[in-house]
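Good morning, and thank you for making time for this presentation. I would ask you to look at the sequence and the model together as we proceed.

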Amino acid sequence: MNISDKKSTHLAALIISVFLMVFLVACGSTPSEQELPKDNPDIGIPDEDINQKIKLFAPEGWNEFNTKKPIFLSVEVISQETITFNPNDTKIFIYSDASWVEIRNKMRNEPPDFTYSLDPYEEDPLERSGFTTVFPDFPDPNKPVTVRIFVFGYITKDGVVTDQRVASYIDLNLEP
C-alpha cells in the first residue's frame, strides 16, 4: 500500500467517524421532562467532575426506550486523557419518594476483566468510543419511568490505569 492509499484510507475513516459521531449526537435521547433533582446519588465522585471526561449517548436507532428492553449506550471520551472502562461498571437509578434508588442491572456484558481503552478526544475518532448495554430491573416495568444511568472509567497515564475514577450519566425516559 503506498502513501496515497494510506491517506485515502485514513480520510475515509475520518469522514465515516465524523458522520457516526454527528448521527449519535443528533439521535441521542433528551433529558427527562420530569423534574429531577440537580444533585446526583452518592457515587463517590463530586457532581462537578461528572460528565467531564466521558459522555454517554443512547442513540434512537439502537434503542426502543422501553422498560422491558435493554438499553444500548455509546461511551465517548471528551477529554485529553485516555480512559479505560469496563462495560459492566455501571449503576442504574430511579428517582422515587424524593430520593435516588439504585436498581439492579440484569445485563452482564463482557467477561468481568474485559475493558476498553479509549483514546483522548483529539486522537482517532474510531478509538475514542466504546459501548455497553444495561437492562434495568424495574420494580414495576409496566409503568413509565425516568432512569439515570452511570458509566464509570479510570484515567490511564503512560499505559497504566490509575485509581482516578471518572463517570458520566444519562437520563432516559422509558415507556412500558
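Which residues does Asp89 touch, not counting residues up to four places away in sequence? They are Phe150, Val151, Phe152, Tyr154 and Arg165, where a contact means heavy atoms within 4.5 Å.

Before going further, a word on the basis of these values. This is a predicted model, in which local features need pLDDT of at least 70 and side-chain atom pairs count only at pLDDT 80 or more, while totals for chains, interfaces and linings use all residues. Residues are numbered from 1 along each chain as its sequence is written, and side-chain values use heavy atoms, with hydrogens and water left out.

Let me return to Asp89. This residue sits in the loop between strand 3 and strand 4. Along the chain, Asp89 and Phe152 are 63 residues apart, yet their C-alpha atoms are separated by 5.7 Å. The side chains of Asp89 and Arg165 are joined by a polar contact of 3.3 Å. By polar contact I mean a pair of N or O atoms within 3.5 Å; within protein, one must be able to donate a hydrogen and the other to accept it, and residues adjacent in sequence count only if both atoms are side-chain atoms.

Now the overall picture. The protein chain has one helix and nine strands, and from the N terminus the order is α-β-β-β-β-β-β-β-β-β. Of its 176 residues, 42% are buried. Buried means under 20% relative accessible area, exposed means over 50%, and partly exposed lies in between, using a 1.4 Å probe and protein chains only. Among contacts between residues at least 6 apart in sequence, 73% join residues at least 24 apart.

I turn next to strand pairing. Strands of a sheet pair through backbone hydrogen bonds, either parallel or antiparallel. Three strands form an open sheet in the order 1-2-7, with antiparallel pairing. Strand 1 and strand 7 (129–134) stand at the edges, each with a single partner strand, so one side of each has no neighbour in the sheet. Strand 2 and strand 7 pair over six bridges, and Val75 stands opposite Gly130 in strand 7.

Strand 4 also has antiparallel partners. Five bridges join strand 4 to strand 8, with Thr90 and Val151 as bridge partners. Five bridges likewise join strand 4 to strand 5, where Ser96 stands opposite Ser99.

What do strand 4 and strand 5 form, and how many residues lie between them? They form a hairpin with two residues between them. Asp97, in the loop between strand 4 and strand 5 (99–103), has a positive phi of about 50° although it is not a glycine. Ala98, in that loop too, has a phi near 65°, again positive in a residue other than glycine. Asp97 counts as exposed because its relative accessibility is 75%; Ala98 is exposed, with a relative accessible area of 65%.

Another loop, between strand 2 and strand 3, holds Ile78. At 33% relative accessibility, Ile78 counts as partly exposed. Not counting residues up to four places away in sequence, Ile78 touches Asn51, Gln52, Lys53, Ile54, Lys55 and Tyr121.

Finally, the interior. A nonpolar core is a set of buried Ala, Val, Leu, Ile, Met, Phe, Trp, Tyr and Cys residues joined through side-chain atoms within 4.5 Å. The largest such core has 25 residues, and Ile71, Val147, Ile149, Leu172 and Leu174 touch the most other members. At least two residues each come from strand 1 (54–57), strand 2 (71–77), strand 3 (82–85), strand 4 (90–96), strand 8 (145–157) and strand 9 (160–174). Strand 8 gives the most, with five residues. Apart from this core lies another, of nine residues, among them Ile43, Ile50, Phe93 and Phe150.

Terms used:
Helix = DSSP H or I, 4+ residues; strand = E, 2+ residues; numbered from the N terminus. Pairing = 2+ DSSP bridges.
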